Amino acid sequence: DYSRIQGLCISPSNEIIITGNFLGQLDMDSSANQQLLNQQGDSSAIFVAAYTSTGQCLWSEQIGSLNTRCRVNDIVCSINQYYYITGSFQSSIDFDVGNGQSILTSVSSNDDAFVLKLKSPGQFDWVRQLGGNGVDEGISISVNPNEYAMVAGSFSDVVDFGINTTSDWHQSAGGLDGFLVTLNANGTYHEGAQCSGLGDEVVKAVCHDNAHSIYTTGDFFQT
């Protein structure tokens with residue numbers, strides 16, 4: 001069993017939101033009141049939880065179930081208190097943390113990237129997929145005041161940036177290529193770009209300024 005926090009953000013109402021990966025049983029409430037999450041098998045699931053400034057657990061949710069694999073890398077909170085999460089998944093995953101269903105299936109046997117939007121208190125809004133034949137991963141995410149989500153990461157082989165709305169296929173130049181994709185408030189694909197070369201390129205962080213300029217950083221190998 002293990003658990004690892006991968007991301008943290010503070011909401012406009014000063015709630016502390018954490019997300020990470022776990023396997024086995026996880027109690028999200030350190031008080032006498034238990035909020036247990038369970039992930040059995042040999043593949044990790046995702047947890048998301050909210051706390052007050054004094055550490056009281058307000059709510060917690062799990063994404064993933066028996067023998068499914070999903071991993072989270074980053075979370076951000078908008079000024080309207082929506083939570084955006086990105087990472088990767090394999091096989092078929094139900095991303096709806098409530099009573100409904102919103103199942104995504106990876107295009108191949110490799111990982112696809114996802115962008116998940118939740119509203120307070122931890123309710124499902126929408127989820128989108130970036131996938132293709134290779135290994136695709138969402139690594140960092142930012143959101144502007146208009147609720148446009150900017151997700152950065154890496155992909156290999158071919159990938160569709162707008163798989164759930166408007167298709168936009170890209171081919172890697174060799175190994176891993178970095179990507180930056182923007183989705184609007186409803187999760188509709190807005191635009192996407194890649195950085196590519198002969199070796200591996202990975203975009204590892206993204207942010208924006210008040211003039212809506214977008215900044216990214218990462219690493220590359222060769223040219």
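Val48 touches Ile17, Ile18, Thr19, Trp59, Ser60, Glu61, Ile63, Ile75, Ile85 and Leu118, leaving aside residues up to four places away in sequence; contact means heavy atoms within 4.5 Å. This is a predicted model, in which local features need pLDDT of at least 70, side-chain atom pairs count only at pLDDT 80 or more, and totals for chains, interfaces and linings use all residues. Residues are numbered from 1 along each chain as its sequence is written, and side-chain values use heavy atoms, with hydrogens and water left out.

**Around Val48**
- Val48 sits in strand E4 (residues 45–51).
- Val48 is buried, at a relative accessible area of 1% (buried is under 20%, exposed over 50%, partly exposed in between, with a 1.4 Å probe and protein chains only).
- Gln62 is 14 residues from Val48 in sequence, and their C-alpha atoms are 6.5 Å apart.

**Confidence**
- Mean pLDDT of the chain is 93, and 100% of its residues reach 70 or more (pLDDT is the predictor's confidence in each residue, from 0 to 100).

**Overall fold**
- The chain has zero helices and 17 strands (DSSP runs numbered from the N terminus: helices are H or I, at least four residues; strands are E, at least two).
- The radius of gyration is 17 Å, close to the 17 Å that the globule rule gives for 223 residues, so the chain is as compact as a globular protein of that length (taken over C-alpha atoms; the rule is 2.2 Å times the number of residues to the power 0.38).
- Along the principal axes, the C-alpha atoms fill a box of roughly 55 × 45 × 30 Å.
- Of the 223 residues, 52% count as buried.
- Of contacts between residues at least 6 apart in sequence, 51% join residues at least 24 apart.

**Backbone exceptions**
- Most residues other than glycine have a negative phi, and most peptide bonds are trans.
- The Ser120 to Pro121 peptide bond is cis, with omega near 0 degrees. Pro121 lies in the loop between strand E10 (112–119) and strand E11 (123–132).
- Asn14 has a positive phi, near 65 degrees. Asn14 lies in the loop between strand E1 (2–10) and strand E2 (16–27), and is exposed at 53% relative accessibility.
- Ser91 also has a positive phi, about 75 degrees. Ser91 lies in the loop between strand E7 (82–90) and strand E8 (92–94), and is partly exposed at 40%.
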